[in-house]
Amino acid sequence: MSTATKSAEGHAKKIGAKQAVAAALKYFGEFFPHPTHRNVLLEELEESEDEQYWLVTIGFDFERPVNALGGKMADIFGTPPHRKYKTFKVSATSGKVTSMKIRTIG
C-alpha cells in the first residue's frame, strides 16, 4: 500500500476509507490466518474526531470447538459460529495499523 504524500501546500495527504479498510484487512489476515475464521466483513468505519486515524471494525465468525456444545445436535448440524469483532486504528497519514482491540457488541 502506498503511504500518504505531502500536498503542494506541505500538508500531509490523508489516506481514504478504502485504503484504511484494506490495511486493516491485511493486518487481520497476517495475525489471524486460522482456517476457522469465516465470513470476515467490514462492520464499522469511522474517522477519529481529530481526523488523524481511521477506526475500522472487522467482524468474523469463529467456529467453537465441538465439545463446547456437546450432545448429538452438534454432531448432526455442526457447531454454530460465534461472531467476534476487532477494531483497528489506522493512521490517516501513513496507513499503518497502530492498534488492534477487541470490540464488544452489547
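1. Let's start with the rings: this structure holds five aromatic pairs. Rings of Phe, Tyr and Trp (its six-membered ring) pair if their centres lie within 6.5 Å, and planes under 30 degrees apart count as stacked, over 60 as edge-to-face and the rest as tilted. Tyr27 and Phe31 make a tilted pair, because their planes stand at 35° with the centres 4.7 Å apart. Phe28 and Phe32 form a stacked pair, with 5.1 Å from centre to centre and 25° between the planes.

2. A word on what you are looking at: this is a predicted model, in which local features need pLDDT of at least 70 and side-chain atom pairs count only at pLDDT 80 or more, while totals for chains, interfaces and linings use all residues. Residues are numbered from 1 along each chain as its sequence is written, and side-chain values use heavy atoms, with hydrogens and water left out.

3. Tyr27 and Phe31 both belong to helix H1 (residues 17–31), four residues apart, which is about one turn of the helix. Helices (H or I, at least four residues) and strands (E, at least two) are DSSP runs, numbered from the N terminus. Tyr27, Phe31 and Phe88 form one aromatic cluster.

4. Which of these residues are hidden? Buried means under 20% relative accessible area, exposed over 50%, and partly exposed in between (1.4 Å probe, protein chains only). Phe28 is buried, at 4% relative accessibility. Its stacking partner Phe32 is partly exposed, at 21%, and Tyr27 is partly exposed too, at 24%.

5. Two lysines are placed over rings. A charge sits over a ring if NZ of Lys or CZ of Arg is within 6 Å of the ring centre and within 35 degrees of the ring normal. Lys84 lies over the face of Phe62, 4.5 Å from the ring centre, and Lys89 lies over the face of Tyr53, 4.3 Å from the ring centre.

6. How many salt bridges are there? The count comes to four, where a salt bridge is a side-chain nitrogen of Lys or Arg within 4 Å of a carboxyl oxygen of Asp or Glu. One of them joins Lys14 and Glu51, with the closest N and O atoms 3.7 Å apart. This pair links distant parts of the chain, since Lys14 is in the segment before H1 and Glu51 in the loop between strand S1 (37–47) and S2, 37 residues apart. Lys14 is partly exposed at 33%, and Glu51 is partly exposed at 43%.

7. Arg103 and Glu44 meet in another salt bridge (3.0 Å, N to O). Arg103 lies in the segment after strand S4 (97–102) and Glu44 in strand S1, so the pair ties together parts 59 residues apart in sequence.

8. Arg83 forms a salt bridge with Asp61, the closest N and O atoms being 3.0 Å apart. Arg83 is in strand S3 (residues 81–91) and Asp61 in strand S2, so parts 22 residues apart in sequence are tied together. Asp61 is buried at 15%, whereas Arg83 is partly exposed at 22%. Glu43, Asp61 and Arg83 are linked in a network of salt bridges.

9. Finally, have a look at Thr57, in strand S2 (residues 53–63). Thr57 counts as buried because its relative accessibility is 3%. Its side chain makes a polar contact with the side chain of Thr87 (2.9 Å).

Definitions and conventions. Polar contact = N/O pair within 3.5 Å; in protein donor to acceptor, adjacent residues only side chain to side chain.
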